[in-house]
Amino acid sequence: MVAIAKHEQDLRKGVLVLAVLSQLREEQYGYSLRQALAERGMPIEEGTLYPLLRRLESQGLLVSRWKAENGPPRRYYALSASGAELCRELSASWASLTTVMSDLLEGGER
C-alpha cells in the first residue's frame, strides 16, 4: 500500500507559503492565523507556523509589530509590499497550476 499520508504532506508543504500569505492580507497574530487556516481546511502546527513566519519576515515578505489590547501582548503579522506582490504572483501561478492539473487528472485533450 502506498503511504498516502507522506504524499499528502508533501502537497501541503508546497502550498503552505501561499496559504499563509493569503491570510495575512489583513493583520493577524499567530494563533488567529492558525485558526483562520484551520477553519478553511489548512491546519498547521505551531512548530511549523512560527518558524515560517520568522523566515518570511526575514525575507522581507512580512512585517510585524507587538500590540497589547485587553490582554497579553501579541505579535501581529501582515504582508509587506513585497509580500503582497509575491502573494499576487503565487496566486496567479496557483490558478494556472490548478487548471493544468485538472486537465491532467481529467484526461483532457490539448
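Me: What makes strand 2 and strand 3 a pair?
Reply: This is a predicted model. In it, strand 2 and strand 3, residues 74–79, are joined by 6 bridges in the antiparallel sense. Pairing needs at least two bridges. So the 6 bridges between strand 2 and strand 3 qualify them as a pair.

Me: Which residue stands opposite Leu 62?
Reply: Leu 79 of strand 3 faces Leu 62.

Me: In what order do the strands of the sheet lie?
Reply: The order is 1-3-2. The sheet has 3 strands, is open, and pairs in the antiparallel sense.

Me: Why is one side of strand 1 and of strand 2 left without a neighbour in the sheet?
Reply: Strand 1 (28–29) and strand 2 (62–67) stand at the edges. Each has a single partner strand, so one side of each has no neighbour in the sheet.

Me: Why are helix 1 and helix 2 called roughly perpendicular?
Reply: The axes of helix 1 (residues 4–23) and helix 2 (residues 30–39) cross at roughly 115°. The range for this label is 65 to 115 degrees. Helix 1 and helix 2 are therefore roughly perpendicular to each other. Their axes come within 10 Å, and the crossing is right-handed.

Me: Which residues meet where helix 1 touches helix 2?
Reply: Helix 1 brings Ala 19, Val 20 and Gln 23. Helix 2 brings Leu 33, Ala 36 and Leu 37. The contact divides into 5 nonpolar residues, 1 polar and no charged.

Me: How do you know that helix 1 and helix 3 are roughly perpendicular?
Reply: Their packing angle is about 75°. The label covers 65 to 115 degrees. Helix 1 and helix 3 are therefore roughly perpendicular to each other. Their axes are 11 Å apart. Helix 1 contributes Leu 16, Val 17, Val 20 and Leu 21 to this contact. From helix 3 come Thr 48, Leu 49, Leu 52, Leu 53, Arg 55 and Leu 56. These residues divide into 8 nonpolar, 1 polar and 1 charged.

Me: Where does helix 3 lie relative to the strands?
Reply: Helix 3 (residues 46–58) lies across strand 2 and strand 3. Helix 3 runs at about 115° to strand 2.

Me: How many aromatic pairs does a search of the whole structure find?
Reply: The search finds 1.

Me: What makes Tyr 29 and Tyr 76 an aromatic pair, and why is the pair called edge-to-face?
Reply: Their centres are 5.3 Å apart, with 70° between the planes. Pairing needs centres within 6.5 Å, and edge-to-face needs planes over 60 degrees apart. Tyr 29 lies in strand 1 and Tyr 76 in strand 3, so the pair ties together parts 47 residues apart in sequence.

Notes:
Residues are numbered from 1 along each chain as its sequence is written. This is a predicted model: local features need pLDDT of at least 70, side-chain atom pairs count only at pLDDT 80 or more; totals for chains, interfaces and linings use all residues. Side-chain values use heavy atoms; hydrogens and water are left out. Helices (H or I, at least four residues) and strands (E, at least two) are DSSP runs, numbered from the N terminus. Contact means heavy atoms within 4.5 Å. Axes are lines fitted to C-alpha atoms, for helices over the stretch in contact, and angles run from 0 to 180 degrees between N-to-C directions. Angles under 35 degrees count as roughly parallel, over 145 as roughly antiparallel, 65 to 115 as roughly perpendicular and the rest as oblique. A crossing is left-handed if the near helix is turned anticlockwise from the far one by less than a right angle, and right-handed if clockwise. Ala, Val, Leu, Ile, Met, Phe, Trp, Tyr, Cys and Pro count as nonpolar, Asp, Glu, Lys and Arg as charged, and the others, Gly among them, as polar. Rings of Phe, Tyr and Trp (its six-membered ring) pair if their centres lie within 6.5 Å; planes under 30 degrees apart count as stacked, over 60 as edge-to-face and the rest as tilted.
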